[in-house]
Amino acid sequence: MAESAKPRVLILGGVGFVGRNLTSYLVKNELVSKVRVVDKVPPATGWLNEDHKAVFKSPIVEFKSANLANQASCSKVFHDDSGAYDVVFNLATETKCGQTDEVYKERVLDVTVNCATEALAHGVKRFIQMSCARVYDCDKEESTENSPLNPWTQVDKFRLKSEEALAQTEGLSVSTSNPAKMCHSLACIEHILG
């Protein structure tokens, strides 16, 4: 694939476990022309292994620090003088259990809404939301997209609210991934970008 035909990708929450591995996968397999990684945690303090450190030093990888719950900060990470991003992966979310509803609203729902708003304003072609299979009812059957919704925890309730908010965002092409195990979520990346 010609370099100019490869997508420009924005990875929100990109220093975390899934984000660093997604960045590595995209760069090593030469699937992108540019990756901008955004996170509150800088790579230097994100416990990256040597392989990830090398990938983050690639000339096609750029890091920006931002609090995506802040609309102005969120807007800045979507702006790029060299062009719009084709694909946005939203991995930015609160993962700690035991937080208050206010914390989950800000760090899960508000982050998603802010990012979706900016993606729409900046002409992003595909917005990929990473959620979790725990938004589905807990039973002994395998969950599908048509399974009953019954979030397991408070954070999962806000993940579901985020999915519902994205479904109401007219004009934005959204895909939501609800993996049961996060390490399996990288399996569909090449298909999504292809």
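Leucine 120 is found in helix 4, where helices (H or I, at least four residues) and strands (E, at least two) are DSSP runs numbered from the N terminus. With a relative accessible area of 37%, leucine 120 is partly exposed; buried means under 20%, exposed over 50%, and partly exposed in between, using a 1.4 Å probe and protein chains only. This is a predicted model, in which local features need pLDDT of at least 70, side-chain atom pairs count only at pLDDT 80 or more, and totals for chains, interfaces and linings use all residues. Residues are numbered from 1 along each chain as its sequence is written, and side-chain values use heavy atoms, leaving out hydrogens and water.

**Around leucine 120**
- Setting aside neighbours within four places in sequence, leucine 120 is in contact with Thr169, Glu170, Gly171 and Leu172, contact meaning heavy atoms within 4.5 Å.
- Serine 173 lies 53 residues away from leucine 120 along the chain, yet their C-alpha atoms are separated by 8.9 Å.

**Helix 4 and helix 5**
- Helix 4 (residues 101-121) packs against helix 5 (residues 154-167) at an angle of about 25 degrees, and their axes are 9 Å apart.
- Those axes are lines fitted to C-alpha atoms, for helices over the stretch in contact, and angles run from 0 to 180 degrees between N-to-C directions.
- Helix 4 is therefore roughly parallel to helix 5, since angles under 35 degrees count as roughly parallel, over 145 as roughly antiparallel, 65 to 115 as roughly perpendicular and the rest as oblique.
- Residues making this contact include Tyr104, Val108 and Leu109 of helix 4, along with Val155, Phe158 and Leu166 of helix 5.

**Around aspartate 80**
- You will find aspartate 80 in the loop between helix 3 (71-78) and strand 4 (87-90).
- Aspartate 80 counts as buried because its relative accessibility is 13%.
- The side chain of aspartate 80 forms a polar contact of 2.8 Å with that of serine 82 and another of 2.6 Å with that of tyrosine 85.
- A polar contact is a pair of N or O atoms within 3.5 Å; within protein, one must be able to donate a hydrogen and the other to accept it, and residues adjacent in sequence count only if both atoms are side-chain atoms.
- Beyond neighbours within four places in sequence, aspartate 80 is in contact with Arg8, Lys34, Arg36, Glu62 and Tyr85.

**The chain as a whole**
- The chain has six helices and six strands, running β-α-β-α-β-α-β-α-β-α-β-α from the N terminus on.
- Of its 194 residues, 45% count as buried.
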